[in-house]
Amino acid sequence: MRVPRHIGSSAPCAFWFLVIAICGLGSGCSTHAKRIALPRSLFYEGQIEQCRAELEKLQKSHRHDRDVANLDLAIVDLVDGRNRQSEMRLKEVRERFDYLEQTSVTEQTVSMWTDDSARSYAGEDYEKILLRVYLALASLMGDGVDAESYTLQIQEKHDAILSRLGQEQEPAVEAGEDVDEGASVSDGTPLPATVPLPPSPVAVAPTESKAPYRGIPIGFYLRGMLREQTHQNYDDALRSYRIASELIPDSMPLRWDIERVQNSVHSNPGHGVVYVFAMVGRGPYKVEVAELPTSDALLIADRIVSAVGKYSVPPTIAPIKVPAVMVPPSEIDSVFVTVDGQRIGPTTSIADIGLLAEATFLASRNTIVARAVARRVIKKATVVTAKSSMGSNQWTSLGMDVAGVAWEATEAADTRCWGLLPRDIQVLRVETPTGTRSIRLHPSLMGQNLGAGQAIDVPVYDGRNTYVLAWFPDAHGNCKVQCSESLPSSSPVTLRLGAGN
Amino acid sequence: MLRRDWLSALSCGSLIVWVGCRGHQYGHLLSTKDENLVGSHTAGAEVFDPLVDESIAKLLARQQEPNEECPIGPDGYPVKKSVCFVGVENKMAEDIGDFKDQLYEQIDSNILESNSFRPISRRMVEAALYETRLRPDSLMIPDNMRLFTSVLQRDGAPIDYLLFAKLTSGTTKRNTSTQRDYLLTLDMVNLHSGEYDKQSAEIRKGYHKTAMGSIWNYNPLKR
């Protein structure tokens with residue numbers, strides 16, 4: 001291409017201003033929050049097929065929403081019992097998020113002239129951990145072959161996040177240390193697995209800590225659960241349960257777990273264990289809000305600059321838009337479990353996603369607002385530079401101010417997030433004699449059962465774990481309950497069990 | 001605007017785009033000559049591999065010494081001792097993650113390769129632990145040991161020895177530097193006589209916040 005030797009100075013500036021403004025306008029006002037509203041409501045109404053169709057449509061139509069839509073589709077698949085499909089989707093997003101963790105200067109630069117939705121979404125830290133948690137759960141609901149690897153990946157990612165945040169690593173838990181005296185059993189007899197549990201303890205709010213991310217107990221809990229099932233690696237299980245217990249110090253069931261792996265065994269002969277994982281409530285999502293105090297301050301600033309400067313600056317009429325996390329109120333606080341008509345107890349929190357989302361957002365909010373302000377300043381500077389280069393008259397200047405305001409008004413907050421997560425992941429461990437057991441789950445609020453609940457027949461194997469995955473978004477909505485397929489093929493005792501049963 | 005300005009602007013733009021793009025991940029195969037990576041925060045292959053090699057070599061060397069009690073087979077060679085390797089216990093300050101199973105396999109394979117021992121299959125050991133619902137750390141209780149050995153004997157795997165492996169660590173801190181001593185101990189107990197043999201290997205490792213930390217803390221003048 002032949003480049004002319006000399007180009008007029010005002011023409012290229014005007015050209016670039018036009019190009020950037022068109023790019024900005026192209027970013028559009030629609031947010032992910034608006035686009036996900038319909039699939040989200042369909043999901044909670046129990047219209048799984050329609051929800052899947054809408055999400056697939058969104059995945060194809062919006063390139064930047066592809067990964068979060070894939071995450072939501074993975075949840076839809078898991079609810080629908082398509083464990084393999086769900087696992088594949090989650091693995092795909094895991095690879096993408098790992099790739100997107102690298103900074104792209106190009107994207108960051110482009111986002112300064114458009115908005116934050118121009119940047120690829122690499123997931124919040126808690127989402128990266130939960131992604132692997134759901135991978136483990138999807139695997140456990142299927143053949144369970146990769147479940148242990150996923151739990152190792154949870155730990156690896158946890159360490160990587162802490163390392164990136166530059167936090168002081170928690171001191172490693174010394175195996176063999178005494179646990180809380182209140183939970184100890186002096187004679188070393190196994191603690192009953194069917195002790196009625198107190199109402200769900202609330203996890204310690206991560207906001208109490210300076211750090212936005214401290215760890216998510218469920219990852220360590222899953223690791224401990226799988227290591228305990230080997231009947232051999234109780235030391236690993238103890239280590240994992242202790243870390244989980246440090247993250248939820250008030251959790252009595254975790255203390256029982258610690259006590260069991262210290263002094264007892266996985267299960268008594270002729271017994272197996274059922275783990276009920278309950279997805280309770282509707283999870284957090286992001287919405288777009290106007291950052292009015294910052295917008296007002298910027299308006300005053302640009303009026304001052306316009307008054308003293310040679311050229312006017314486009315006024316901050318369009319408010320600065322930033323995301324905010326919404327956690328819908330929950331109609332239930334736990335799920336009450338009954339086995340063969342015997343009341344066992346409620347599930348207890350092992351990952352309070354609502355709190356995690358709020359804490360993570362609070363930690364990053366200042367950065368988001370600062371970026372939005374910097375973006376406005378860059379846009380205003382671009383308009384002023386264009387005016388200066390073109391030597392514009394009053395009417396041209398006014399026209400460019402109007403274009404500048406329109407350009408600023410097209411900004412949309414980045415509201416992308418994993419939208420179909422539950423508010424809380426809860427768990428209950430039940431040791432029960434082998435055979436087929438009828439398990440009934442009731443949504444519960446403050447110890448009161450709401451609705452008829454849902455029953456499922458669960459096969460219990462000698463010395464092994466069986467997993468029940470339950471979805472209770474609200475008290476009277478569409479709950480879904482499913483049980484793990486069969487004895488995991490990775491089981492070290494499969495052959496013996498096969499012969500014995 | 002001059003053409004030179006355009007070309008320099010274009011070059012700068014291209015450079016920013018090239019530098020600013022995300023890279024891909026690549027892998028490569030290591031040859032046997034390549035040294036292990038040295039873990040910056042925790043122990044890895046650079047610690048565990050030599051620990052296993054050394055402790056196993058010491059244990060086998062001692063067990064292969066001529067012994068009056070060792071029965072001689074019809075071929076004139078000592079009869080191989082049947083060993084049940086119970087497992088690796090991690091008592092370190094660090095989590096060893098996926099190394100635990102690998103350590104088990106390494107130790108088990110080394111024992112199998114020796115001519116002194118006949119190890120019991122790991123799957124049989126796991127199945128016996130599962131069936132008896134015994135904890136590995138409770139096998140030395142006489143009743144538990146009898147129950148465990150009887151199950152293995154019933155399944156056609158009588159045992160002469162129990163082998164336990166234990167990883168421990170000791171940590172010394174000096175300002176921002178840390179020294180951690182890793183110890184792998186192999187405990188072998190003769191089920192018939194109650195005698196035991198113990199061999200261990202140790203590796204010390206330093207962790208520092210700066211590259212000069214090792215020189216600063218470990219030089220002959222620093223005492």
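**Entry 1. Chain A overall**

I began by counting elements: chain A has 15 helices and 12 strands. The model is a predicted one, so I kept the confidence values at hand. I looked up burial next, and 48% of the 501 residues in chain A are buried. I also checked how far apart in sequence the contacting residues are. Among contacts in chain A between residues at least 6 apart in sequence, those joining residues at least 24 apart make up 77%.

**Entry 2. Confidence**

For the complex, the predictor gives an ipTM of 0.75 and a pTM of 0.79. Chain A has a mean pLDDT of 81, with 81% of its residues at 70 or more. For chain B the mean is 86, and 90% of its residues reach 70 or more.

Where in chain A is confidence lowest, and where highest? I found the lowest mean, 33, in helix α15 (residues 494–500) of chain A, and the highest, 96, in β7(A). In chain B, helix α1 (residues 3–20) has the lowest mean pLDDT among the elements, 67. Strand β4 (residues 177–190) of chain B has the highest, 94.

I marked two stretches of chain A. Over residues 1–10 of chain A pLDDT stays under 50, and the model has 12 contacts beyond four places in sequence for them. Over residues 489–501 of chain A pLDDT also stays under 50, with 18 such contacts in the model.

**Entry 3. A sheet in chain A**

I traced an open sheet of five strands in chain A, in the order β6-β7-β1-β11-β12, with mixed pairing. Which strands stand at the edges? They are β6 (348–352) and β12 (480–483) of chain A. Each has a single partner strand, so one side of each is left without a neighbour in the sheet. From one strand to the next the twist averages 20 degrees.

I then followed one pair inside this sheet. Strand β1 (residues 271–282) of chain A pairs with strand β7 (residues 422–433) of chain A over 11 bridges, in the antiparallel sense. I picked out one position: R282(A) stands opposite P422(A) in β7(A).

Helix α7 (residues 125–141) of chain A lies across β1, β11 (465–472) and β12 of chain A. Its direction is at about 120 degrees to β11(A).

**Entry 4. Helix α5 of chain A**

I compared the length of helix α5 (residues 83–100) of chain A with what its residue count predicts. Its 18 residues should span 26 Å at 1.5 Å a residue, and the end C-alpha atoms are 25 Å apart, which agrees.

Which residues of α5(A) are buried? I listed N83(A), S86(A), E87(A), R89(A), L90(A), V93(A) and F97(A). Seen down the axis, the buried residues of α5(A) fall within an arc of 165 degrees, so they line one face of the helix. The cover over them includes α4 (66–79) and α7 of chain A. That α7 is the helix I had noted lying across β1, β11 and β12 of chain A.

**Entry 5. Helix α3 of chain B**

I made the same check on helix α3 (residues 99–113) of chain B. At 1.5 Å a residue its 15 residues should span 21 Å, and its end C-alpha atoms are 21 Å apart, in agreement.

The buried residues in α3(B) are F99(B), K100(B), L103(B), I107(B) and I111(B). They cover an arc of only 110 degrees around the axis, which puts them on the same side of α3(B). On the face turned away from that side I found the exposed residues S109(B) and E113(B).

What covers the buried residues of α3(B)? The cover includes α10 (234–247) of chain A. From chain B it includes α2 (45–63), β1 (81–91), β2 (117–119) and β3 (161–174).

**Entry 6. Two single residues**

Q342(A) is placed in strand β5 (residues 342–346) of chain A. Is Q342(A) buried or exposed? It counts as exposed, because it has 11 C-beta neighbours inside 10 Å and the cut-off for exposed is 12 or fewer. I also took a distance: the C-alpha atoms of Q342(A) and D474(A) are separated by 24 Å, and the two residues are 132 apart along the chain.

T176(B) lies in the loop between β3 and β4 of chain B. With 11 C-beta neighbours inside 10 Å, T176(B) counts as exposed. Leaving aside neighbours within four places in sequence, T176(B) is in contact with H208(B) and K209(B). Its C-alpha atom is separated by 62 Å from that of P74(B), 102 residues apart along the chain.

How values were computed: Residues numbered from 1 in each chain as written. Chains lettered and ligands numbered in written order. Predicted model: local features only at pLDDT ≥ 70, side-chain atom pairs only at ≥ 80, totals over all residues. pLDDT = per-residue confidence, 0-100. Helix = DSSP H or I, 4+ residues; strand = E, 2+ residues; numbered from the N terminus. Pairing = 2+ DSSP bridges. Axes fitted to C-alpha atoms, helices over the stretch in contact; angles between N-to-C directions. Contact = placed C-beta atoms within 7 Å. Buried ≥ 20, exposed ≤ 12 C-beta atoms within 10 Å, placed from the backbone. Expected span 1.5 Å × (residues − 1). Arc of directions from axis to C-beta.
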